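Please look through the sequence and the structure before reading on.

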Amino acid sequence: MTDSQVQQAYAARASEYTTILGAIDDMHEPDRNRIEHWAQQISGRIIDAGCGPGHWTDFLHKRGADISGIDLVPEFIESARLRFPDVPFQVSSLRALDEADGSLNGVLVWYSLIHLPPADLPPVLCELARVLSPQGHLLVGFFDGEAAEPFDHTVAPAYYWSVAQMCSLLHDAGFDVIDTETRQDPGGRPHAAISAIAR
């Protein structure tokens, strides 16, 4: 799908999505612990890239992170600004971040790469590497499965990625992988997370 199609699909269900998945208490405890620990290692600016309803951005802001949220969907950003007025949010695409080269110390991309067509993922990872300073931190969350295998996501078509393939793509984009995680929660699709630093 194009960015426009994904944006329209989420815009149509933004209120519903926020109600169901827009609160930090609805998130899995291991994810809360991992994301909090990841951010505690970072001194400097972080962006939550593909922040959706903004709950993760606010979660880290409340824990002292210098963080802002960006998302492709204006309805998410409008809602996030109302719900979390102390946190900066703006509409932006992961394909062309409004950040100078090497200006960030951390980028969180938690399930915000899943709708990218496989051919579009490498240049987006390179864009994330561009905005990170050397040794800047990246944390990626995604659905674990056969690499580039499509599936019917509730909102818009999405893709699985294997940990091995995502690690390879991150390496090619200029990252060194620090650690990986996989998990299967009852009733959910297999989860994966990768922590990496920019070379």
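## Ile35 in helix H3

Ile35 belongs to helix H3, which covers residues 29–40. The model is predicted, and in it Ile35 has a relative accessible area of 0% and is buried. Because buried means under 20% relative accessible area, Ile35 with its 0% falls in that class.

Which residues are in contact with Ile35, once its neighbours within four places in sequence are left aside? They are Trp56, Leu60, Leu108, Trp110 and Leu139. Ser103 stands 68 residues from Ile35 along the chain, and the C-alpha atoms of the two are separated by 21 Å.

## The chain as a whole

The protein chain is built with 7 helices and 9 strands. Its radius of gyration is 15 Å, close to the 16 Å that the globule rule gives for 199 residues, so the chain is as compact as a globular protein of that length. Along the principal axes, the C-alpha trace spans about 35 × 35 × 30 Å.

Of the 199 residues, 53% count as buried. Among the contacts with a separation of 6 or more, 62% are made by residues 24 or more positions apart. The accessible surface comes to about 9000 Å², and carbon and sulfur atoms hold 50% of it. The chain carries 13 positive and 28 negative side chains, and the centres of these two sets lie 3 Å apart.

## The annotated domain

An unreviewed UniProt entry gives the annotation "domain: Methyltransferase" for residues 46–136. Over residues 46–136, the chain is 31% helix and 27% strand. The end C-alpha atoms of this stretch are 9 Å apart.

Helix H6 covers residues 121–131. Which of its residues are buried? They are Leu121, Val124, Leu125, Glu127, Leu128, Ala129 and Val131.

Is Ala9 buried or exposed? Ala9 counts as buried, at 19% relative accessibility, because the cut-off for buried is under 20%. Ala12, with a relative accessible area of 67%, is exposed.

Leaving aside neighbours within four places in sequence, Ala9 is in contact with Val155 and Ala156. Ala9 and Leu21 are 12 residues apart along the chain, and their C-alpha atoms are separated by 16 Å. For Ala12 and Gln40, which are 28 residues apart along the chain, the C-alpha separation is 35 Å.

## Arg83 in helix H5

Arg83 is part of helix H5, which covers residues 74–83. Its relative accessibility is 33%, and Arg83 counts as partly exposed.

The contacts of Arg83, apart from neighbours within four places in sequence, are with Thr18, Gly22, Ala23 and Pro53. Pro53 is 30 residues from Arg83 along the chain, and the C-alpha atoms of this pair are separated by 8.8 Å.

Most residues other than glycine have a negative phi. Gln135 is not a glycine, yet it has a positive phi of about 75°.

Ala148 is found in the loop between S5 and strand S6 (150–151). At 27% relative accessibility, Ala148 counts as partly exposed.

How values were computed
Residues numbered from 1 in each chain as written. Predicted model: local features only at pLDDT ≥ 70, side-chain atom pairs only at ≥ 80, totals over all residues. Heavy atoms only, no water. Helix = DSSP H or I, 4+ residues; strand = E, 2+ residues; numbered from the N terminus. Rg over C-alpha atoms; globule rule 2.2 N^0.38 Å. Buried < 20%, exposed > 50% of the residue type's maximum accessible area, 1.4 Å probe, protein only. Contact = heavy atoms within 4.5 Å. Areas by Shrake-Rupley, 256 points an atom, 1.4 Å probe, with all protein chains shown as cover. Lys, Arg positive; Asp, Glu negative; His and termini not counted. Charge placed at Lys NZ, Arg CZ, Asp CG, Glu CD. UniProt positions renumbered as here; feature names shortened; annotations may be inferred.
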